Amino acid sequence: MDGQAPLTAWCKAQAQALVFEAEMELANWSGTHTIVTDKFYQPETVEELQAIVEHCHATKQKVRPVGTCLSPNGIAMNTDAMVSMSSLNDIIRVDPEGQTITVQAGIKVSKVLQELQKYGLTLQNFSSIQDQQMGGWTQVAAHGTGAGLPTVEEMITRMKMMTATQGEVELSETQNPELFRMAKVGLGCLGVVTEMTLRCIPQHNLLEKSWVTDMEGVRKDHTELLDKYRHVRYMWL
């Protein structure tokens, strides 16, 4: 292990049991980025994730967390190692009175919305595509279709993140608030998000109005539409 950081005895033991797919070929959703990563990890427990992160750190191996690869810029792509959170996808608890939901980072947005529906709740903002994992979706500050709506990470009130040297840390506005504000949109650089609590809102119905316009009409009406409607989106036909 020349030139590599020394592994702790615990990490060495865990590293022996780490399972990964070698030479895994991956492409993002839009097909604009394709790579082959040397090691593709898919932990089934938080403890396995910790072993992976600590092992990669100790062996100076770059590792990137990946969701469902929807990002068009391929931000999660890495040829050394990638770790998928897709098996860490549990709903931990729903607080109907406090209007919050706590989930693991690998859960898909669609599953969160389905669970919230049982309690008459929903998320304040979400994209027209709901196949994203919550971790990746919030780490890149995804947006919806309303100028007055905040990006999705603003719904996070508390989160847990696996780090290379501090293990799993808990962050909120009262627990390490400065790091919390950065980590909410950490782009996977500060650690791997494992869990998050999100603020919800009461479920409601939307009335959609659709019409055909041209670029002249878009330029003329765009500002007024943003001011008047909660959601505005354009579909190119």
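1. Accessible areas here come from the Shrake-Rupley method with a 1.4 Å probe, and for residues only the protein chains shown count as cover. On that basis the protein chain exposes about 13600 Å², of which carbon and sulfur atoms supply 51%. The model is a predicted one, in which local features need pLDDT of at least 70 and side-chain atom pairs count only at pLDDT 80 or more, while totals for chains, interfaces and linings use all residues. Residues are numbered from 1 along each chain as its sequence is written, and side-chain values use heavy atoms, with hydrogens and water left out.

2. Overall make-up. The protein chain has six helices and ten strands; helices (H or I, at least four residues) and strands (E, at least two) are DSSP runs, numbered from the N terminus. Along its principal axes the C-alpha trace spans about 65 × 40 × 30 Å. Of the 237 residues in the protein chain, 41% are buried. Buried means under 20% relative accessible area, exposed means over 50%, and partly exposed lies in between (1.4 Å probe, protein chains only).

3. Contacts and charge. Contact means heavy atoms within 4.5 Å. Among contacts in the protein chain between residues at least 6 apart in sequence, 59% join residues at least 24 apart. The chain carries 20 positive and 28 negative side chains, and the centres of the two sets lie 4 Å apart. In that count Lys and Arg are positive and Asp and Glu negative, with His and the chain ends not counted; each charge is placed at NZ of Lys, CZ of Arg, CG of Asp or CD of Glu.

4. Strand β8. This strand covers residues 156-163, and six of its eight residues are buried, so β8 is largely enclosed by the rest of the structure. Two strands pair if DSSP finds at least two bridges between them. β8 pairs in the antiparallel sense with β10 (residues 192-202) over six bridges, and there the bridge partner of M161 is V193. β8 also pairs with β9 (residues 167-172), again antiparallel and over six bridges. T163 has G167 of β9 as its bridge partner, and three residues lie between β8 and β9 in the hairpin that they form.

5. Two further hairpins. Strand β1 (residues 20-27) is joined by seven bridges to strand β2 (residues 34-41), and the two run antiparallel. Here E25 is bridged to V36 in β2. The hairpin of β1 and β2 has six residues between the strands, and G31 takes a positive phi near 75 degrees in it. β5 and β6 pair in the antiparallel sense over four bridges, with I101 in β6 as the bridge partner of V94. Four residues separate the strands of the β5 and β6 hairpin, where Q99 has a positive phi near 55 degrees.

6. Q99 is a residue other than glycine with a positive phi, and it sits in the loop between β5 (91-95) and β6 (100-104). Its relative accessibility is 27%, so Q99 counts as partly exposed. K60 likewise has a phi near 55 degrees, a positive value in a residue other than glycine. K60 belongs to the loop between α2 (46-58) and β3 (64-66) and is exposed, with a relative accessible area of 62%.

7. Nonpolar cores. A nonpolar core is a set of buried Ala, Val, Leu, Ile, Met, Phe, Trp, Tyr and Cys residues joined through side-chain atoms within 4.5 Å. The largest has 40 residues, of which L123, M134 and M196 touch the most other members. Leaving aside neighbours within four places in sequence, L123 is in contact with V109, V112, L113, L116, W137, M155, C200 and I201. There is a second, separate core of eight residues, including L26, F40, A76 and M77.

8. Helix α3 and K111. K111 is placed in helix α3 (residues 109-117). With 37% relative accessibility, K111 counts as partly exposed. Not counting residues up to four places away in sequence, K111 touches N89 and I91. K111 and Q133 are 22 residues apart in sequence and 9.5 Å apart in space, C-alpha to C-alpha.

9. G148 lies in the loop between α4 (134-139) and β8. G148 is exposed, with a relative accessible area of 74%. From C-alpha to C-alpha, G148 and I101 are 23 Å apart in space, and they are 47 residues apart in sequence.
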